[in-house]
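Thank you all for making the time this morning.

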Amino acid sequence: MTLFLETNPPEKQRSDKSAAETKAKEKAMSKNDRTFFEGSAAYDRRRKFKQSAFFNLFRAAAAINGMALLTIIYFMVANGWRAISWEFLTQPPMESMTKGGILPCIVGTVCLSFGAILAALPIGIASAIYLNEYARPGKVVRLIRLGINNLAGVPSVVFGLFGLGFFVVILDMGVSIAAGALTLGAMSLPVIIGSTEEALKSVPDTYREASLGLGATKWQTIWRVVLPSALPGILTGAILGISRAAGETAPIMFTGAVFFTPKLPTSIFNEVMALPYHIYVLATAGTEIEKTRHLQYGTAIVLIALVLGMNMLAIFWRARLRKRLK
Amino acid sequence: MANRRQTTEKSMQAMFFIIATASISILFLIMLFLFKEGLPIFKTVSLKDFIFGKYWYPTSDPADFGIFPLIVASLLVTGVSGVFSIPLGVMTAIYLSEIARPRVSEIVKPVVELLAALPSVVIGFFGMVLVAPFLQRVFDIPTGLNLFNASLMLAFMSIPTICSISEDAIHSVPIALREASVALGATQLQTIVRVVVPASISGISTAVILGLSRAVGETMVVLMVAGGAAMLPQSIFDPVRPMPASIAAEMAEAPVGGEHYYALFATGIVLFIFTMIFNIIADFIAQRYRQVGEASL
């Protein structure tokens, strides 16, 4: 894991070396700290040793996260890359899902996640505009924020129950793209609000003041000045929202995705297959779980590539934005 | 002219306010539907029997609707995952904000974010096909799909939450506090342990609670990896059936409007209340002990 090693800090303050210490040991100990203070004698040595031991522990903790990510991706790719082919990506499943491809799942996942963002983005942006531009601190804002925080904490399966009770049964959408996308949209609303607010906050107040000073109204300022400057940040949030929605399974299990449907959707009231649900179905309830293992890995790779690809795009984009703002 | 502009302004503000209440409305609707579809079960089972009943046989005749084993399973899985996720998450946060050089943390931070972005079904799949056989072989147990495996997988789902919120908290500790400590002769480690962590403990607590709340509500991982036996576990290697797993697995076969359907929504109520309590506590800590300036320690 050379990834996490660091270069040594320059050793500026090391001047009063007592000769008794072995140089090698001294070096090993000072390796990991930015020495702020130079004491003397054994006490200092012991606490330096303790510090480097603990710092290595912290470093190891960080490394474990990286290793977990790499391990998961490595095993998925190592076991599944053979399954990936043009046919796999462009054909429907065949012979009770033991052969063939995953085209309907890809199409379904794209429909569901874009539908979710279409539903959540306008509401999320408007909420963030209210919270960041109009609202004054007080009980109402406090309540709205509490609502958003709690919505963010609602378990995904509970969103599924809500979607089933409300969209599927009461609004009579049936198990469909519309019901699934709205459920996912409700779930990604807090993410969108959060990232939009961050984007709005990063627009300097001087922009607003300049616009207001020229006689523009608040709404004109928001529409012509604030939103255009915040747009890249908002879009980053939208990409993260889409990727989150694409990877979720529990909310669409009862609302949008089905076990198997041979045809591609033609309207938003069609039911669809979806990548995450397809993995779950093949891995736990398929007809021949062992025989379809390579299909499961293959589907997982496609899902990971889709989700992580969008995330990396968003992270990269955001890093560039932050640099530009500085 | 000016009048029309003012009207537009007023109506815009009103519109944004109405839209901003959408989150609360959705939350309210969620509660409404959970209760509407869940409460009818208490016509057949008493609240006490539902929560403390030890047997969950929803499809047998007569059916038993006792979710005590499911509640215990959820709490145990979350608790054991916390044993892994809390130290790992907090230590990673300390490493990122206090120890790592900017260039290193620029690489590690996205790694943690990508870990958060991994779909839960992929982590569940990983636990099922790779970790489970491994555990079975190493510990010589009848099944690798058990409480321990599920906790391990859940830990990696909550680490990113714990890590990123803790990191924000640690980052917001004023630099003057660190300088003061170092100027008094403390090492960097002493500064972290005695100054920085105590100063950001409320943020770290919020992070831990939100991370655990995520673990309680996580569905796919426990559905695929926990083993699915609705019994009180005797050991850490016993299969369990946490609440979300039960809801997700059984909803498909429960007829709409039947007792089983109501019982699953009622389980959803319990789960919702659990996470709601977690979130309100987190919110309370975050508000109550917010770091304001440098004098509030």
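Before I give any counts, let me say that two residues are in contact here when heavy atoms lie within 4.5 Å, and that what you see is a predicted model. With that in mind, 82 residues of chain B are in contact with 91 residues of chain A, and the area buried between chain B and chain A is about 7,900 Å², with carbon and sulfur atoms giving 76% of that area.

What do we find between the chains by way of polar pairing? Between chain B and chain A there are 13 residue pairs in polar contact, counting pairs in which both residues have pLDDT 80 or more. The largest share of the side of chain B that touches chain A comes from helix α13 of chain B, residues 259-288, which supplies 12 residues. By residue type, that side of chain B divides into 58 nonpolar, 16 polar and eight charged residues. As for salt bridges, the count between chain B and chain A is one, and the side chains that meet in it are those of B:Asp283 and A:Arg142, at 3.3 Å from N to O.

Let me turn to chain A, whose secondary structure comes to 12 helices and two strands. Of the 326 residues in chain A, 53% are buried, and among its contacts with a separation of 6 or more, 71% are between residues 24 or more positions apart.

Which residues touch the most other members of the largest nonpolar core? In that core of 184 residues they are A:Met76, A:Tyr280, B:Ile30 and B:Phe125. Helix α4 of chain A, residues 103-134, gives this core its largest share, 14 residues. Leaving aside residues up to four places away in sequence, B:Ile30 touches B:Phe272 and, across in chain A, A:Leu151, A:Val154, A:Val158, A:Phe159 and A:Phe162.

Finally, consider B:Pro244, which sits in helix α12 of chain B, residues 243-251. Why is B:Pro244 classed as buried? Its relative accessible area is 0%, so B:Pro244 falls under the 20% limit for a buried residue. Beyond residues up to four places away in sequence, B:Pro244 touches A:Val157 as well as several residues of chain B, including B:Ser74, B:Val216, B:Gly217 and B:Leu271. B:Leu223, which is 21 residues from B:Pro244 in sequence, lies 7.4 Å from B:Pro244 in space, C-alpha to C-alpha.

Key:
Residues numbered from 1 in each chain as written. Chains lettered and ligands numbered in written order. Predicted model: local features only at pLDDT ≥ 70, side-chain atom pairs only at ≥ 80, totals over all residues. Heavy atoms only, no water. Buried area = accessible area lost by both parts, 1.4 Å probe. Salt bridge = Lys/Arg side-chain N within 4 Å of Asp/Glu carboxyl O. Polar contact = N/O pair within 3.5 Å; in protein donor to acceptor, adjacent residues only side chain to side chain. Helix = DSSP H or I, 4+ residues; strand = E, 2+ residues; numbered from the N terminus. Nonpolar A, V, L, I, M, F, W, Y, C, P; charged D, E, K, R; others polar. Core = buried A, V, L, I, M, F, W, Y, C linked by side-chain atoms within 4.5 Å. Buried < 20%, exposed > 50% of the residue type's maximum accessible area, 1.4 Å probe, protein only.
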